[in-house]
Amino acid sequence: MEHLIEPLKNLGLTDKEARIYLALLQVGPATPYQIAKKAQIKRPTAYVIAEELVEKGLIVHIPGESPRRYIARTPDSFFEDAENKLSQAKHILPELRSLQKGVEEKPSILYFEGVNGIELALMHRVKELHNTEVVGFYADAALVSPSLLGTTEAYNQYRVRHHITSRGIVTDTEEL
């Protein structure tokens with residue numbers, strides 16, 4: 001069940017929302033106590049999150065039941081709703097682009113820190129670079145952390161596979 005949580009989080013659910021949705025799919029109609037037990041979370045939390053999932057339309061409160069019981073909507077309806085939301089959002093894309101006042105892409109600044117940050121920076125929007133050339137400024141290789149070399153090695157393999165050429169300005173050292 002753990003492997004299903006991350007894809008559900010990518011669709012906009014929190015970790016606990018995903019756990020409750022999955023628990024309800026497994027047990028069927030259930031009380032917050034039963035949901036909490038299956039999802040391994042606290043009962044008050046299960047109740048609050050179940051109500052949030054009702055508002056999101058992922059689960060349904062069964063009317064007239066005491067104690068209160070919930071049931072999950074089918075995964076098919078969940079995905080259909082997500083696809084409909086994306087489709088509706090795409091309809092406003094031209095209008096959103098028009099708000100850029102003629103600028104094709106406004107400049108933005110991203111901040112990446114440490115070795116993990118460099119890895120993220122290298123792979124940021126890398127799919128847009130396929131079949132292009134990257135020009136950069138590079139530091140003295142002798143000053144580079146060994147842990148960074150593994151990151152750049154993976155990036156360079158990706159770059160070669162996707163025909164991204166690279167040129168750079170580097171310091172003048174004997175190694176080069």
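In this predicted model, Phe-78 is buried, with a relative accessible area of 8%. The residue belongs to helix α5, which spans residues 75-91. In one of them, the rings of Tyr-21 and Phe-78 have centres 5.5 Å apart and planes at 55°, so the pair is tilted. Tyr-21 lies in helix α2 and Phe-78 in helix α5, so that this pair links distant parts of the chain, 57 residues apart. Tyr-21 is also buried, since its relative accessible area is 2% and the limit for buried residues is under 20%.

The other pair joins Phe-78 to Phe-79. Their ring centres are 5.6 Å apart and their planes stand at 65°, so this pair is edge-to-face. The class follows because planes over 60 degrees apart count as edge-to-face. Phe-79 has a relative accessible area of 41% and is therefore partly exposed. Tyr-21, Phe-78 and Phe-79 together make up one aromatic cluster.

Charged side chains were examined next. Side chains of opposite charge can pair when their charged atoms come close. The count in this model comes to seven salt bridges. One of these is formed by the side chains of Glu-2 and Arg-19, with an N to O distance of 2.9 Å. Glu-2 lies in helix α1 (residues 2-10) and Arg-19 in helix α2 (residues 15-27), so the pair ties together parts that are 17 residues apart in sequence. The two partners fall into separate accessibility classes: Glu-2 counts as exposed because its relative accessibility is 53%, whereas Arg-19, at 16%, counts as buried.

Arg-19 also meets the side chain of Asp-15 in a salt bridge, at 2.8 Å from N to O. Both of these residues lie in helix α2, where they are four residues apart, about one turn of the helix. Asp-15 has a relative accessibility of 29% and so counts as partly exposed.

Glu-17 is in helix α2 and Lys-56 is in helix α4 (residues 43-56), so the contact ties together parts that are 39 residues apart in sequence. Glu-17 counts as buried because its relative accessibility is 3%. Lys-56, in contrast, counts as partly exposed, at 39%.

The model also contains paired strands. Strand β1 (residues 59-62) and strand β2 (residues 69-72) are antiparallel and pair over four bridges. Among the paired positions, Val-60 has Ile-71 of β2 as its bridge partner. The two strands form a hairpin with six residues between them. In the turn, Gly-64 has a positive phi of about 80°. In a regular strand the side chains alternate between the two faces of the sheet.

Nonpolar side chains are found on the surface as well. Ile-92, Leu-93, Leu-96 and Leu-99 form a nonpolar patch there, and together have about 350 Å² of accessible area. Leu-99 is located in the loop between α6 (93-98) and α7 (114-123). This residue is exposed, because its relative accessible area is 55% and exposed residues are those over 50%.

Terms used. Residues are numbered from 1 along each chain as its sequence is written. This is a predicted model: local features need pLDDT of at least 70, side-chain atom pairs count only at pLDDT 80 or more; totals for chains, interfaces and linings use all residues. Side-chain values use heavy atoms; hydrogens and water are left out. Two strands pair if DSSP finds at least two bridges between them. Patches are made of residues with over 30% relative accessible area and no salt bridge: like charges are joined within 9 Å, nonpolar side chains (Val, Leu, Ile, Met, Phe, Trp, Tyr) within 5 Å. Accessible areas come from the Shrake-Rupley method with a 1.4 Å probe; for residues, only the protein chains shown count as cover. A salt bridge is a side-chain nitrogen of Lys or Arg within 4 Å of a carboxyl oxygen of Asp or Glu. Buried means under 20% relative accessible area, exposed over 50%, partly exposed in between (1.4 Å probe, protein chains only). Rings of Phe, Tyr and Trp (its six-membered ring) pair if their centres lie within 6.5 Å; planes under 30 degrees apart count as stacked, over 60 as edge-to-face and the rest as tilted.
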